[in-house]
Amino acid sequence: MLIDAHSRVVDYLRVSVTERCNFRCLYCMPDKPLSWVPHSEILRYEELFLFIKAAIDCGIKKVRITGGEPTVRGNLDAFIKMIADYAPQVDLAMTTNGFLLNDLAESLKNAGLKRVNISLDSLKREVAGRIANRDVLERVLLGIDKALAVGLKTKINSVPMKGINDGEICDILGWCKERGVSVRFIEYMDNARANKRLRGMRSDEILREIASRYEYEEIGRDPKSPSRLFALNDGYVFGLIEPHREEFCASCNRARLTAQGLLAPCLYFDEASSVKDRIKRGDIEGAIDIFRQVLANKREKNRFGEKATDRAFYETGG
Ligand code: SAM
Ligand code: SF4
């Protein structure tokens, strides 16, 4: 079992397979990074898998593939299959912008992927295009339909931003409700790479907006994620992810592995340790020792309002 310094069981590993992306979202990487990390610096799938396998043996029960945009890395289905074949019981999920899902959803599902979270910040072509800095909406919607059609359990992630998509919260909720797909509204997290003029919405503001059209009641926390859950009076459930809330970190059960082999205990700390050399040498036991040290040093809370991390979310894996 993996336990952190504050007695929290860590059973959820998020794996960023690439920092690269086909979007340039305002809140993540509005400017193309000066250069991408070269492929030679990135761990091969087989190498990432060696670590994941050992982490599963130590108690990891959920693995989420993320990035950057995971679907831009080739042969993702083969990687998914390695994990699914080794541990079919593991809850194997992916977070994606959905742009390539129309082409890939079926092979990913067949490879063993169980669930996807797809980002959808606007239902207006122009606004979605402004957020992602390219014309994306049509293909993202096709991707969502395809994910549902092939039987992937699907959730929507949405980041409300003032003056950009704040007027669409109820529309996005209604759209997801019609499709029977749960939506998680995520509070915008300030970070060094985001557009400096962005102003996010806090959860109380998001809830006020929802209350203008829907009646809801709070029904508790999602046992598998840090979301607070709410139900409309017809039973439809939506969630809020509120990293700025005091108790957000109390039930944190996750750690993050980047494509470059960096193990980060939190999206919002600079602290991280590399397991790349150990993995490259085949010293997986050594890599797991480092993993345990990282967890032993994990802070109790994220550092919002204290010190922003310099590491980009697209590198750590949002
Ligand atoms: N490319 C994939 C995607 O967009 O879904 C996966 C990586 S992305 C970094 C993961 C999630 O983080 C997305 O749902 C995205 O909306 C969210 N995200 C990125 N930057 C954020 C920020 N500054 N504040 C809040 N959420 C953010
Ligand atoms: Fe790409 Fe996802 Fe970042 Fe948008 S949030 S730029 S889709 S990695």
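User: Before we start, what does contact mean here?
Analyst: Contact means heavy atoms within 4.5 Å. This is a predicted model, where local features need pLDDT of at least 70 and side-chain atom pairs count only at pLDDT 80 or more, while totals for chains, interfaces and linings use all residues. Residues are numbered from 1 along each chain as its sequence is written, and side-chain values use heavy atoms, leaving out hydrogens and water.

User: Let's zoom in on α9. Which of its residues are buried?
Analyst: I284, G286, A287, I288, I290, F291, V294 and L295 are buried in α9. Buried means under 20% relative accessible area (1.4 Å probe, protein chains only).

User: And what covers the buried residues of α9?
Analyst: The cover includes β1 (12-18), α1 (45-57), β10 (254-257), β11 (262-264), β12 (273-274) and α8 (276-281).

User: OK, whole chain now. How much of it is buried?
Analyst: Buried residues are 57% of the 318 in the protein chain.

User: What about contacts between residues at least 6 apart in sequence?
Analyst: Of those in the protein chain, 74% join residues at least 24 apart.

User: Last one: what box do the C-alpha atoms fill?
Analyst: Taken along the principal axes, the box is roughly 55 × 40 × 40 Å.

Technical notes: Chains are lettered from A and ligands numbered from 1 in the order in which they are written. Buried means under 20% relative accessible area, exposed over 50%, partly exposed in between (1.4 Å probe, protein chains only). Helices (H or I, at least four residues) and strands (E, at least two) are DSSP runs, numbered from the N terminus.
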